[in-house]
Amino acid sequence: MWNEWLLYALRMFHLIAGIMWIGTSFYFVWLDSSFKPPEEADGEAGKNANPATEGVTYMVHGGFFYRVEKQRPLAMPKVLHWFKYEALWTWVSGIFLLGLVYYTGGGINLVDPLRFPMKTGMAHGASMGVLIVGWTVYDLLWKFVGKKNAKAALAISLVLLFGSIYGICYIFAGRAAFIHVGAMLGTIMVANVWMRILPAQRKMIKARLAGEEPDWAMGLAAKQRSLHNSYVTIPVLITMVSNHFSFAFDHPQRWLVLSFLVVVGVAVRHLMITIEKGTPAHWAWAPAVLGLGALVFLTAPHKAPMDTGPAVAFADANDVLVRRCYQCHSQSPTDDVFKAPPNGVRLDSPDAVAALAPRIRFRAVEAKTMPLGNKTEMTEEERTLLGRWIDQGAKTQ
């Protein structure tokens, strides 16, 4: 039971840290778009504004009014607030979750032996490699190509991203694949913060404290990385909550489903950012709507025909469930990993089996993602029998 509480605590910590990180990210992107020249924001009083002030904005919250300035300060303030640990703790807790969920239990949640069989060590190496290689390639691309031609770097980034999605969805089990795409993007985001944005800010502060003019180009480069983070935030959130929706991660063309989800997420975020700037990019509605339409079409229920044959008695269908599914999905699981029914799904009563028949058909007959990793070695004949019984009405009498 201790591992269940550990998993619960880590998920809560990860969720709260993520909310704090994403909240500050969204806030500062909005804030940067809201500044007006001092004379426009303050009227006559703005004409005598501090020469270091580039923009001013006013806000109201909690019964008080706030005036916020954007500056290139002539001298550093005594107290300077940083927003950096939210990103770090989100990533650290996410890595612990990745290890707890996907590296334990012999990698049963990580590998789909029917699609791409891998030994446990190889799977773990591939998992870590996705995070390390993803950041390294992205960083080198924007450090060298992006510095000279941002549009070319963006085009290459998109090609690499969708190629990565295809590859990750090919080698990992469905749920693990979605999570690893999110973990790769999340690693890029946190590395941007700690390895590119914060060092640039520290160098600028050091120069000002030494009485020198900071290299403001470093600030612009850091801001570019921050904007990248903002654009991938929604795709990362999509992958993080995807483990609740098997129709997406267990889809035969899961890489295409995830690719369209990413397109929709980025298009929506672009709309949000441009609306905040007062210059809405109405063209972004097209990829958002087309992407949603493609997702609806791809994931529409499709009933694969079963081989015709004699009527299947419930006793025969239930015998398959007892031999292949009860180890996990019963009141007292005997599996060596799951000590409680995963997702609360129990198949140890006729009524429960009848109620879950459509779900059983999708997971065990169509997607073939249950049993997990085919740990209990369900045969094709048994899957066909289950599908035929369900197609015949899933009768328990």
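**Figure 1. Arg 346 and its salt bridge with Asp 348.** In this predicted model, Arg 346 is partly exposed, with a relative accessible area of 35%. The side chain of Arg 346 meets that of Asp 348 in a salt bridge, with an N to O distance of 3.3 Å. Asp 348 is likewise partly exposed, its relative accessible area being 25%. Side chains of opposite charge can pair when their charged atoms come close.

**Figure 2. The salt bridge of Arg 67 and Glu 69.** A salt bridge joins Arg 67 to Glu 69, and their closest N and O atoms lie 2.4 Å apart. Arg 67 has a relative accessibility of 37% and therefore counts as partly exposed. Glu 69 is partly exposed as well, with a relative accessible area of 33%.

**Figure 3. A salt bridge between two helices.** The side chains of Arg 225 and Asp 139 form a salt bridge, at 3.0 Å from N to O. Arg 225 belongs to helix α7 (residues 216-241), whereas Asp 139 belongs to helix α4 (residues 120-148), so the pair ties together parts that are 86 residues apart in sequence. Are these two residues, Arg 225 and Asp 139, buried or exposed? Both Arg 225 and Asp 139 are buried.

**Figure 4. A network of salt bridges.** Which residues are linked in a network of salt bridges? The network links Asp 319, Arg 323, Arg 324 and Glu 382. For the predicted model, the count of salt bridges comes to 16.

Conventions: Residues numbered from 1 in each chain as written. Predicted model: local features only at pLDDT ≥ 70, side-chain atom pairs only at ≥ 80, totals over all residues. Heavy atoms only, no water. Salt bridge = Lys/Arg side-chain N within 4 Å of Asp/Glu carboxyl O. Buried < 20%, exposed > 50% of the residue type's maximum accessible area, 1.4 Å probe, protein only. Helix = DSSP H or I, 4+ residues; strand = E, 2+ residues; numbered from the N terminus.
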